[in-house]
Structure formats: structure tokens, C-alpha cells
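Visitor: I'm new to reading protein models. Could you walk me through a few features?

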Amino acid sequence: MQPRVLLVATLLVLLASARALEAEDAPLLGFMQGYMQQASKTAQDALTSMQESLVARQTMDWMTDGFSSLKDYWSTFKGTVSGFWDSTSESTPAPPSEAI
């Protein structure tokens with residue numbers, strides 16, 4: 001036999017055996033693909049859940065900081081108005097009481 005014919009025959013045998021193995025491994029390949037898709041979906045769900053909880057935490061922190069700042073501003077405003085009110089009430093004399 002010529003070397004080329006022998007090489008072509010060998011390649012055809014290898015190709016045929018690979019096809020036979022592929023046919024036998026088709027259920028295993030389908031199982032592995034299903035498993036990988038399920039694992040990918042689980043990982044994606046976990047990542048989405050983590051991102052949502054991170055956003056919720058950041059929103060909660062933002063709201064807490066906002067309310068804290070508002071409370072501080074209100075205390076400052078109330079202290080200023082209260083101080084102003086006290087100073088004006090001290091400076092105005094009391095109306096004279098009518099003697100009977």
C-alpha cells in the first residue's frame with residue numbers, strides 16, 4: 001500500500017471511531033450541558049440577589065444619612081429660633097398691670 005492511502009485510511013478510521021464515541025457520549029454530553037446551564041443560572045441568580053441586597057443596603061444607608069442630616073438641621077433651626085424667641089421675649093417689657 002502506498003503511504004498516502006494508508007494515511008487516509010487511518011484518518012478515516014480515527015474519524016469513524018470519534019463519531020462512534022460521540023454517539024455513545026451524547027447522553028453524557030447532554031447531561032453535562034444541562035448541569036452547566038443549571039450551575040450558570042444558579043450563579044447568576046446568586047449574583048443578582050447579592051447586587052439587589054447591596055443596592056437595598058446602599059439605599060437604606062442613604063435614607064438613614066438623609067434623615068440624620070434632616071434631624072440635625074431641624075435641631076439647629078429649632079435652637080436658633082428658640083434662642084431668637086428667648087432673646088425677643090426678654091427684651092420686651094411686660095405690659096403694666098392695671099391696678100384696681
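**Charges, rings and surface**

Guide: Let's start with Lys41 and Asp45, which form a salt bridge whose closest N and O atoms are 3.1 Å apart. The term means a side-chain nitrogen of Lys or Arg within 4 Å of a carboxyl oxygen of Asp or Glu. This is a predicted model, where local features need pLDDT of at least 70 and side-chain atom pairs count only at pLDDT 80 or more, while totals for chains, interfaces and linings use all residues. Residues are numbered from 1 along each chain as its sequence is written, and side-chain values use heavy atoms, leaving out hydrogens and water.

Visitor: How many salt bridges does a search of the whole structure find?

Guide: Side chains of opposite charge can pair when their charged atoms come close. Here the search finds 1. Lys41 and Asp45 both sit in helix H2, 4 residues apart, about one turn of the helix. (Helices are DSSP runs of H or I, at least four residues, numbered from the N terminus.)

Visitor: And how do I read an aromatic pair?

Guide: You describe two aromatic rings by the distance of the centres and the angle of the planes. This structure holds 1 such pair. The ring centres of Trp74 and Phe77 are 5.8 Å apart and their planes are at 40°, so the pair is tilted. (Rings of Phe, Tyr and Trp, using its six-membered ring, pair if their centres lie within 6.5 Å; planes under 30 degrees apart are stacked, over 60 edge-to-face, the rest tilted.) Both residues lie in helix H2 (residues 26-91), 3 residues apart.

Visitor: Is Trp74 buried or exposed?

Guide: Trp74 is exposed, at 53% relative accessible area. (Buried is under 20%, exposed over 50%, partly exposed in between, with a 1.4 Å probe and protein chains only.) Phe77, at 49%, counts as partly exposed.

Terms used
Helices (H or I, at least four residues) and strands (E, at least two) are DSSP runs, numbered from the N terminus.
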